[in-house]
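Student: I have a protein model to read and would like to go through its terms one at a time. Can we start from the structure itself?

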Amino acid sequence: MANPDGEIDLDSLADHVIDQESETDNDSAVGVDSDAVSTTSLPKFQYATENGRTYHVHDQGKCILPNDAREMERLNDMHKIWVNTLGGEISLCRESDTRRQRVLDLGTGNGTWAIAYADAHLTAQVIGVDITPTQDTWVPPNVQFEIDDIEKEWTWKRKFDFVFGRDLMGSIRDWAALLRSIFNNLNPGGWVEIQDYGYPHPEGTEPPPTKLLEWRQEMVRASKALGKRIDMIEELEDLMMKEGFAEIRCVKKRIPLDNSSKNESLNQIGKSAADLFEAHLESISMIRFKDGLGYSIDEVIAYLSALRTELKKNHMSAYFEAHIIYGCKPVQGLVSEDPV
Ligand SMILES: C[S@@+](CC[C@H](N)C(=O)[O-])C[C@H]1O[C@@H](n2cnc3c(N)ncnc32)[C@H](O)[C@@H]1O
């Protein structure tokens with residue numbers, strides 16, 4: 001589905017999702033890794049349609065974000081924003097880079113990160129795992145995708161050298177348990193990197209953007225009600241430490257939500273991020289507001305329309321704070337004192 005330039009053909013991706021719905025049975029793997037055993041046989045894929053968007057349905061209810069072609073477009077745009085924010089990099093953890101042979105991308109989405117990593121590290125074998133079958137099928141030979149629930153027990157037979165997860169806040173019920181699975185499935189000396197962001201911080205806008213602040217609070221409240229908190233990022237370092245990771249580093253970067261920066265590249269990022277935020281407010285809010293807080297679809301639409309008006313009227317200045325947190329599973333006696 002990606003053309004050789006790496007652009008994803010969204011129409012064929014939409015067909016792929018529909019095909020999966022009608023054609024899959026109890027076999028949960030899309031690309032079968034001979035070394036991996038799928039953790040659970042997921043039942044036949046089920047989808048729900050709400051307000052024209054398609055959602056994956058799993059045993060714990062609807063996934064919070066849609067899994068349709070429009071969402072894949074958002075993930076592609078978000079990937080570009082991440083890479084630009086990190087100065088052209090897809091990962092900041094450089095340690096043991098060349099020794100990483102087995103790499104796992106958690107909640108891979110359409111697989112953009114997994115494909116980019118595999119292209120840049122031709123000797124690495126990259127597995128992208130996701131609960132919903134929205135991955136690209138035209139992939140480099142060193143990438144494969146599997147459909148599975150990363151919150152269930154992991155039963156891959158071989159351990160990994162690098163485990164990566166991006167933009168998973170609000171999708172995970174139990175981060176401590178997920179970090180434990182990562183730790184147990186890393187080789188000693190292997191690394192984990194989590195990239196995520198906290199929800200928008202307004203900056204110097206007068207009067208303060210009431211609707212934006214209220215929306216942020218409602219998102220936090222809804223995500224708690226649904227048992228998948230979006231405000232976990234500040235707690236991740238501590239959790240990693242408790243689960244035994246060492247040499248933990250956290251790099252923070254701003255993703256501006258406006259184009260008022262004097263720095264041209266931040267300006268570009270800010271413009272793309274603001275456009276994307278506004279265009280996809282509904283997809284990131286709908287299930288949370290509806291299922292978590294009991295809003296009707298019409299109420300969500302009205303609520304977000306008022307927020308959009310405020311965003312336009314105030315020429316608001318705000319930013320997301322991106323956190324790039326990485327750490328390693330220690331090799332007893334061999335953890336370097338002075339990481340690069
Ligand atoms: C916001 S998307 C991020 C996609 C990708 N990491 C990226 O940065 O482009 C979150 C992804 O996590 C997946 N996901 C949510 N819960 C999951 C679970 N329990 N197991 C596996 N994947 C899950 C969703 O299907 C979705 O593709």
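Student: Which helices each supply at least two residues of the shell around the ligand?

Tutor: Helix 2 and helix 3 (112-120) do. Helices here are DSSP runs of H or I with at least four residues, strands are runs of E with at least two, and both are numbered from the N terminus. This is a predicted model, in which local features need pLDDT of at least 70 and side-chain atom pairs count only at pLDDT 80 or more, while totals for chains, interfaces and linings use all residues. Residues are numbered from 1 along each chain as its sequence is written.

Student: What makes a residue part of the shell, and how many residues surround the ligand?

Tutor: A residue is near a molecule or strand if its C-beta atom, placed from the backbone, lies within 6 Å of it. 19 residues surround the ligand, and the closest are Gly107, Gly109, Ile131, Arg166 and Ser171. By class, the shell has 7 nonpolar, 7 polar and 5 charged residues. Ala, Val, Leu, Ile, Met, Phe, Trp, Tyr, Cys and Pro count as nonpolar, Asp, Glu, Lys and Arg as charged, and the others, Gly among them, as polar.

Student: How do you know that the span of helix 2 is close to the expected one?

Tutor: The expected span is 1.5 Å times one less than the number of residues. Helix 2 (residues 69-85) has 17 residues, for which 24 Å is expected, and the helix reaches 24 Å from its first C-alpha to its last. Just after helix 2, Gly87 takes a positive phi of about 60°.

Student: Why is Asp130 called buried?

Tutor: A residue is buried if 20 or more other C-beta atoms lie within 10 Å of its own, exposed if 12 or fewer, and partly exposed in between, with C-beta atoms placed from the backbone. Asp130 has 25 other C-beta atoms within 10 Å, so Asp130 is buried. Asp130 lies in strand 5 (residues 125-130). In helix 2, the buried residues are Ala69, Glu71, Met72, Trp82 and Thr85. Of the 340 residues of the protein, 39% count as buried.

Student: What does Asp130 touch, leaving out residues up to four places away in sequence?

Tutor: Two residues are in contact if their C-beta atoms, placed from the backbone, lie within 7 Å. On that basis Asp130 touches Gly107, Thr108, Gly109, Gln135 and Ile147. Asp130 and Leu106 are 24 residues apart in sequence and 6.7 Å apart in space, C-alpha to C-alpha.

Student: Why are Asn51 and Ser96 called partly exposed?

Tutor: Asn51 has 14 other C-beta atoms within 10 Å, so Asn51 is partly exposed. Ser96 has 15 within that distance, so Ser96 is partly exposed too. Asn51 is in the loop between strand 1 and strand 2, and Ser96 is in the loop between helix 2 and strand 4 (102-106).

Student: What phi does each of them take?

Tutor: Asn51 has a positive phi of about 50° although it is not a glycine, and Ser96 likewise has a positive phi of about 50° without being a glycine. Most residues other than glycine have a negative phi.

Student: How do you know that strand 1 and strand 2 pair?

Tutor: Two strands pair if DSSP finds at least two bridges between them. Strand 1 (residues 46-50) and strand 2 (residues 53-58) have 5 bridges and pair in the antiparallel sense. In strand 2, Tyr55 is the bridge partner of Ala48, and His56 is that of Tyr47. Strand 2 is also joined to strand 3 by 2 bridges, again antiparallel. His58 stands opposite Gly61 in strand 3, and Val57 has Lys62 as its bridge partner there.

Student: Why are strand 1 and strand 3 at the edges of the sheet?

Tutor: The 3 strands form an open sheet in the order 1-2-3. Strand 1 and strand 3 (61-62) each have a single partner strand, so one side of each is left without a neighbour in the sheet.

Student: What makes a nonpolar core, and which residues touch the most other members of the largest one?

Tutor: A nonpolar core is a set of buried Ala, Val, Leu, Ile, Met, Phe, Trp, Tyr and Cys residues joined through C-beta atoms within 7 Å. The largest has 64 residues, and Val103, Leu104, Ala114, Val126, Val163, Val192 and Ile255 touch the most other members. Strand 10 (residues 318-328) gives the largest share of this core, 8 residues.
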